[in-house]
Amino acid sequence: MTPKELYTERIAALTEEIRQLNKYNRLVVVLELSAIGLAIGCVVAYTMWSNVAALVVAVLFVAAYVAIRWRDSRNSRMSEEKESLRSVYQKELNYLDGDFSGFASGEQYINPRHEFSLDLDIFGPQSLFHRINRTVTTGGSDFLANELAETRVRTIDEIEARREAIRELSEREPLRTAFMAQGRGRQIDTTDIMEALHAVQQMQISHLAAHRLTHIAAVGSIIVFYGLLAGAIFGPLSGTFPMLWVLLQILAVYLLFGRTLKHINQSINIILPRLSTYVNMIMLIVTSDLKSREGRDIISQLSADKQDALKSFRLLKGIINALDQRNEIWVPISNALYLADYFIVRRFLLWQDRYMGHIDEWIAAVSHFDALVSMATFRYNEPAAMDAELVDADEVVYEARGLYHPFLGQKAVRNDFTIADQHYYIITGANMAGKSTFLRSIGINYVLASCGMPVFADSLRVSLFSLFSSMRTTDDLAHGISYFNAELLRLQQLIETCRQNRHTLIILDEILKGTNSLDKLNGSRLFLESIQLLTVTGIIATHDLELSKMQERLRVGEQSSGMQYPARFHNYCFEIQLSDEITYSYRLSEGVARNQNATYLLKNILRTALR
């Protein structure tokens with residue numbers, strides 16, 4: 001079954017289930033009203049005729065109402081869960097149709113100074129992140145963004161472990177969908193939760209309530225109160241004694257713990273709805289029985305015997321629920337009956353001492369899994385993509401067959417291309433002939449391969465190296481940086497990056513666009529002749545056909561150095577055919593482009609405009 005067929009089938013099945021639940025819910029409303037109405041009628045009958053049987057029947061009708069109400073709440077939860085699942089499937093179906101509007105685009109991660117992410121469309125609308133992102137938490141979103149923009153050269157073992165985890169999760173569609181459905185269409189702000197919990201951790205809270213002696217005293221006080229109460233009801237004691245004892249209890253609890261509870265409540269009550277989601281997500285993870293190394297590591301982080309994340313979040317949820325149920329009327333009553341505020345503070349202090357130190361690790365583990373779900377869903381949605389072959393080599397290896405850009409899908413024209421270490425490939429061609437798209441195909445498929453995700457090619461054999469691109473340099477008028485100056489700064493950053501890494505692949509689209517043709521040509525030549533002294537490999541797209549003569553140009557001092565620099569430069573092109581219409585083949589071939597289209601297109605525009 002294809003992803004599209006599966007999503008369509010799941011949506012149809014869930015739609016029918018939701019329809020049946022809604023139909024049942026309408027019946028439940030009638031039953032609830034009937035049960036409560038009949039119960040009232042029986043009570044009226046009892047008051048009029050003192051018929052004990054009528055009172056018994058009234059009790060039965062009340063019990064029936066409670067049972068129906070419970071079933072109604074259960075059905076409402078089921079309906080909400082199925083709606084969330086249907087929403088997940090619908091968004092995936094929309095994705096397959098080219099609509100990514102249901103997912104966050106990652107605009108906040110756009111960084112013009114990043115080594116390659118801006119040029120390769122890693123973040124922003126219609127970007128790679130936009131296509132992959134299914135994260136439920138902001139922590140998961142950050143994790144995914146960091147993986148896609150990672151500049152550290154990973155090891156093959158790291159990538160293989162990641163690939164194993166992604167492959168396993170891609171085959172666990174129900175688990176992935178259930179996890180994504182936890183978001184209910186809204187992303188949980190991980191930072192808010194962490195800040196709230198850390199704020200409580202930094203509070204100067206007295207640990208008096210956690211002490212064993214105060215626990216013994218509290219239990220003893222409750223026993224004394226009920227003893228006095230029993231004595232007043234069944235014995236000779238005056239009711240004044242239990243009343244005074246209760247007042248003392250209420251006053252003591254208020255003075256000792258009232259302010260503490262207020263501070264705790266203000267800090268963490270806002271995260272109650274999100275905690276329920278975290279409990280559900282952790283439950284899904286720890287019961288998933290994942291076999292991959294990365295999956296097992298995440299589970300072990302969340303389910304260590306003495307620091308169980310699921311137990312911790314459930315306890316915290318219970319504490320916050322207890323805080324949430326406190327009100328001006330119930331507080332004195334609950335403190336009178338069982339010293340509620342004391343035990344809430346005690347439960348929180350014990351929770352804090354045992355679990356607070358592991359919260360960062362647990363939330364990081366959930367964020368990690370959250371990002372893996374996104375990567376695995378991308379793999380599942382793109383069955384035509386395949387795994388790259390990773391090569392353990394201390395050099396740049398890039399051998400592609402049938403390579404294409406992932407954003408183009410089935411309409412993409414595929415190209416073969418091989419990059420040799422410390423060689424340079426100058427690609428010429430007309431406007432819109434496919435140069436920039438091809439360069440981005442090289443870069444974005446390498447990013448996917450280094451993240452353990454599938455690539456878009458018939459085959460791709462790569463080693464692991466540093467990547468740097470310069471394709472979208474812009475001016476910065478607010479800081480007084482002109483376009484040309486911005487280009488120079490970018491090239492300076494490129495050189496520094498290359499110096500810091502053993503092997504770097506650079507991808508350049510028009511070097512020094514911000515100056516005149518002759519200066520641009522001379523500067524481009526100077527740059528390429530200089531950069532080849534480092535362990536750098538390069539692909540350079542240009543409209544300047546003169547730059548293609550680097551393949552034939554002898555570098556000064558070549559004879560004395562014994563190095564054949566021209567042999568390291570290679571010319572490739574995207575050729576077009578000019579006739580009545582322009583034909584774009586988008587096919588890469590060896591050589592230098594002969595045809596250009598700027599003048600041709602401008603003549604057509606002028607001919608039409610000046611008629």
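Me: What does helix 16 lie across in this predicted model?
Reply: Helix 16, residues 435-450, lies across strand 1, strand 2, strand 3 and strand 5. Its direction is about 110° to strand 2.

Me: What makes those four strands an open sheet, and which are the edge strands?
Reply: The four strands come in the order 1-5-2-3, with mixed pairing. Strand 1 (389-390) and strand 3 (415-419) each pair on one side only. That makes them the edge strands.

Me: How do you know that strand 2 and strand 5 pair?
Reply: Pairing takes at least two bridges. Strand 2 (residues 398-403) and strand 5 (residues 459-462) have four, in the antiparallel sense. They therefore count as paired. Ala400 has Leu460 as its bridge partner, and Arg401 stands opposite Ser459.

Me: What makes strand 1 and strand 5 a pair?
Reply: Two bridges join them. The cut-off is at least two, so they qualify. These strands run parallel. Leu390 stands opposite Val462 of strand 5.

Me: Which residues of strand 5 are on the covered face, and which on the uncovered one?
Reply: Leu460 and Val462 make up the covered face. Ser459 and Arg461 make up the uncovered one.

Me: What does helix 16 contribute to the six-strand sheet?
Reply: First the sheet: it is open, in the order 6-7-8-4-9-10, and its pairing is mixed. Strand 6 (466-470) and strand 10 (582-590) have a single partner strand each, so one side of each is left without a neighbour in the sheet. From one strand to the next the twist averages 15°. Helix 16 packs on this sheet, touching strand 4 (424-429), strand 6, strand 7, strand 8 (536-542), strand 9 and strand 10. The helix makes about 155° with strand 7.

Me: Which other helix packs on the sheet, and at what angle to strand 7?
Reply: Helix 18 does, touching strand 4, strand 7, strand 8 and strand 9. Its direction makes about 175° with that of strand 7.

Me: How do you know that strand 9 and strand 10 pair?
Reply: Six bridges join strand 9 (residues 569-578) to strand 10. At least two are needed, so the pair stands. The two run antiparallel. In strand 10, Ser589 is the bridge partner of Cys573.

Me: Why is Ile511 called buried?
Reply: Its relative accessible area is 6%. Buried means under 20%, so Ile511 is buried. Ile511 lies in the loop between strand 7 (504-509) and helix 18 (517-531). Beyond its neighbours within four places in sequence, its contacts are Glu487, Leu491, Lys520, Ser524, Phe527, Leu528 and Ile540. Asp544 is 33 residues away in sequence and 9.9 Å away in space, C-alpha to C-alpha.

Me: Why does Thr138 count as buried?
Reply: Its relative accessibility is 18%. The cut-off is under 20%, so Thr138 counts as buried. Thr138 is in helix 4 (residues 138-148). Leaving out residues up to four places away in sequence, Thr138 touches Tyr109, Gln187, Ile188, Asp189, Thr190 and Thr191.

Me: Why does Ala340 count as buried?
Reply: Ala340 has 10% relative accessibility. That is under 20%, so the residue counts as buried. Ala340 belongs to helix 14 (residues 340-355). Its contacts, not counting residues up to four places away in sequence, are Ser334 and Asn335.

Me: Which residues have the most contacts inside the largest nonpolar core?
Reply: Tyr398 and Ile442 do, in a core of 124 residues. Helix 15 (residues 359-381) gives the most to this core, with twelve residues. Apart from it lies another core, of 19 residues, including Ile506 and Ile511. Setting aside residues up to four places away in sequence, Ile442 touches Tyr398, Leu403, Phe417, Ile419, Leu505, Ile507 and Ile539.

Me: What makes the chain more spread out than a compact globule?
Reply: The chain has 20 helices and ten strands. Its radius of gyration is 34 Å, whereas the globule rule gives 25 Å for 611 residues. The value is well over the rule, so the chain is more spread out than a compact globule. Its C-alpha atoms fill a box of roughly 120 × 55 × 50 Å along the principal axes.

Me: How much of the chain is buried?
Reply: Buried residues make up 47% of the 611.

Terms used: Residues numbered from 1 in each chain as written. Predicted model: local features only at pLDDT ≥ 70, side-chain atom pairs only at ≥ 80, totals over all residues. Heavy atoms only, no water. Contact = heavy atoms within 4.5 Å. Axes fitted to C-alpha atoms, helices over the stretch in contact; angles between N-to-C directions. Buried < 20%, exposed > 50% of the residue type's maximum accessible area, 1.4 Å probe, protein only. Rg over C-alpha atoms; globule rule 2.2 N^0.38 Å. Core = buried A, V, L, I, M, F, W, Y, C linked by side-chain atoms within 4.5 Å.
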